[in-house]
Amino acid sequence: MKLREKIEERFFKVLMIMATWFILAILALIIFSIFEKGIKAISWEILSQTPKGGYYYGKGGGILNAITGSLVLAVGATVLAFVIGLPVALYINVFLVKRKKLVSIIRFILDLVWGIPSIVYGAFGFTLMVIIGLQTSLLAGIITVTLFILPIMIRSMDEILRTVPIGLMEASLSLGTNKSETAFRIFTRQTVSGIITAVLLSFGRGIGDAASVLFTAGYTDNLPNSLLEPVATLPLSIFFQLSSPVPEVQARAYASALVLTVIILVASLFSRGLGRRYHKTKINF
Amino acid sequence: MIASLTLLALLPLMLFTGLYLKSFLLLHDYNLFDLLFSREWKPGAGKFGFYPFIIGSIWVTLLAMLISAPICLLSAIYVTQYTRKWFIRIMHPAIDILAGIPSVVYGLWGILVIVPFIGNYLGPLVGAKTMGYSILAGSFVLSIMIIPFILNIMIEIFRSIPDALKEASLSLGATQWQTVKTVMMRKALPGIIAALGFGLARAFGETMAVMMVIGNVVMVPHSIYDPGYTLPALIANNYGEMLSIPKYDSALMFAALILLAVSLFFNLLMHFFISRYNKY
């Protein structure tokens, strides 16, 4: 090997190692700064109370409104997206499995819809609200977030469902089941872990997104109690409180960020753990 | 099942018509060319020039791509070609976590770390007058956000290249880097371009994180240390006021329409690119 080649080899290898460790280091840095700021700011009082009088000038209260609001909104949207999404994903993989061209067009459209920025969904959701005469409310937020996470939900379920071998479907059909039974009894059981992963992934997206709820869900100091009233969310509570000049209020933004990050980390760890556990019910070929 | 499937298939069309109808008021009264290339943004006086926002978005997006493209490419090659299997098992959760962190949290991190760094160290070092809230800060935060997205696709692409190709090259006496450079890269090139295209589309529409660190000053930036304004930030910042002036409302919906069009265009382009390439 010539010297020049040797140097080139070394040079690029070092660059590659640097790039990889850069990514890992940045991740560590982000997690570290969120936790460092958040743990200093967080307290039981912040977690367990709603904003009180003078809250936005640094007086007492907490972010319970945003925590419960976010959870209610994200769970609602995830459930709705699941109820719509699972049949669609099954339909693509059981009923349309022979029509390759149609399926690839559907996948293509889903990918396109997945790529649309969430702020566009927010603007569209707002337009929709005006048309049907809805105020900023939990319901409007749920509808918008559902639209936003639906393609994510369907495509991730679809990726799992398409790994189900066709032999399993044939075996099931030959035993006299119809296609719906095959879809809901056999396919879902075979892919439980993947479906749970898809649901938790969508939940994480839904709870973390601010741009889509900005126009539609509004913000309030109260706990969510009605579908037709505005609801507070964690991403917006971070965003609004961070722009305050009062340090106490800013600290609560750090606390909110910590809570939100922990919820998302737990959801992603949970999906891995559950995935491993439900592996047992799977039939291996 | 069929009903929800149809609904979903029509979603892009619904989005498009909805936003188009809303922005019709603006498009009816103004020339499209003037809207896109005029620099004056005075909604109160009925002047809607989107140029500063469009150029701000383009700067931030391109700069972010410039930062993350080489990092993702190098890292994808390293992870797939140079390391053992266990390393990928570490990288995957790391990528998942990076992808899962919400954009407001990225924005918060940008305000805590990147903005002071640029304002206090980097700016004075290069002699630029900056508060830290700048195009550069926006691009940097954005580049980190799209890394997991691009890296994931690139890793898949490099993994899908058959081992035989690599073995053939190595057996002919090429070094590992030569194999990567001349054989793997050639095979992976269309995929790499597609990964970058998808990343670009994603970056263009990113809202909150960029908005939190870019400064939000309506101006055509002259350097990367200047503050700027992006299209998504324009929509997000003005949602409260927009109801009062119908044309303003219409203008914001027009901004959303531009975003939708850019996103659909890039995604379509890349899909055709990939399907074309897959035939060979």
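A: Glu8(A) forms a salt bridge with Lys181(B), and their closest N and O atoms are 2.7 Å apart. A salt bridge here is a side-chain nitrogen of Lys or Arg within 4 Å of a carboxyl oxygen of Asp or Glu. Between chain A and chain B the count is 1 salt bridge. The model is predicted, so to speak of its limits: local features need pLDDT of at least 70, side-chain atom pairs count only at pLDDT 80 or more, and totals for chains, interfaces and linings use all residues. Side-chain values use heavy atoms, with hydrogens and water left out, residues are numbered from 1 along each chain as its sequence is written, and chains are lettered from A and ligands numbered from 1 in the order in which they are written.Polar contacts between chain A and chain B come to 10 residue pairs, both residues at pLDDT 80 or more. A polar contact is a pair of N or O atoms within 3.5 Å; within protein, one must be able to donate a hydrogen and the other to accept it, and residues adjacent in sequence count only if both atoms are side-chain atoms. On the side of chain A that touches chain B, helix 1 (residues 3-41) of chain A gives the largest share, 22 residues. Helices (H or I, at least four residues) and strands (E, at least two) are DSSP runs, numbered from the N terminus. By residue class, that side of chain A divides into 55 nonpolar, 6 polar and 8 charged. Ala, Val, Leu, Ile, Met, Phe, Trp, Tyr, Cys and Pro count as nonpolar, Asp, Glu, Lys and Arg as charged, and the others, Gly among them, as polar.

Chain A puts 69 residues into the contact and chain B puts in 71 residues, where contact means heavy atoms within 4.5 Å. About 6400 Å² is buried between chain A and chain B, and carbon and sulfur atoms give 83% of this area. In chain A, the residues that lose the most area to chain B are Met16(A), Ile23(A) and Phe124(A), together 10% of what that side buries. Buried area is the accessible area (1.4 Å probe) that two parts lose on being put together, summed over both.

Chain A is divided into domain 1 (3-41) and domain 2 (45-279), with bounds that come from an automatic or database domain assignment. The C-alpha centres of domain 1 and domain 2 of chain A lie 31 Å apart. In this interface 6 residues of domain 1 of chain A are in contact with 9 residues of domain 2 of chain A. The area buried between these domains is about 630 Å², of which carbon and sulfur atoms give 86%. Ile34(A), Phe35(A) and Ala41(A) supply 61% of the area that domain 1 of chain A buries against domain 2 of chain A, more than any other three residues. The side of domain 1 of chain A that touches domain 2 of chain A divides into 4 nonpolar, 1 polar and 1 charged.

The chains themselves are as follows. Chain A has 12 helices and 0 strands, while chain B has 11 helices and 2 strands. From the N terminus on, chain B runs α-α-β-β-α-α-α-α-α-α-α-α-α. The C-alpha trace of chain A spans about 70 × 70 × 35 Å along its principal axes; for chain B the box is roughly 70 × 60 × 30 Å. Of the 285 residues of chain A, 51% count as buried, and of the 280 residues of chain B, 53% do. Buried means under 20% relative accessible area, exposed over 50%, partly exposed in between (1.4 Å probe, protein chains only). Among contacts in chain A between residues at least 6 apart in sequence, 74% join residues at least 24 apart; the corresponding value in chain B is 73%.

Two threonines can be followed in detail. Thr188(A) is found in helix 8 (residues 179-190) of chain A and is buried, with a relative accessible area of 15%. Leaving aside its neighbours within four places in sequence, Thr188(A) is in contact with Leu86(A), Leu90(A), Ala183(A) and Ile195(A). Thr80(B) lies in helix 3 (residues 51-82) of chain B and counts as buried at 17% relative accessibility. A polar atom of the side chain of Thr80(B) lies 2.7 Å from the backbone oxygen of Ala76(B). Beyond its neighbours within four places in sequence, Thr80(B) is in contact with Ile155(B), Phe158(B) and Arg159(B).
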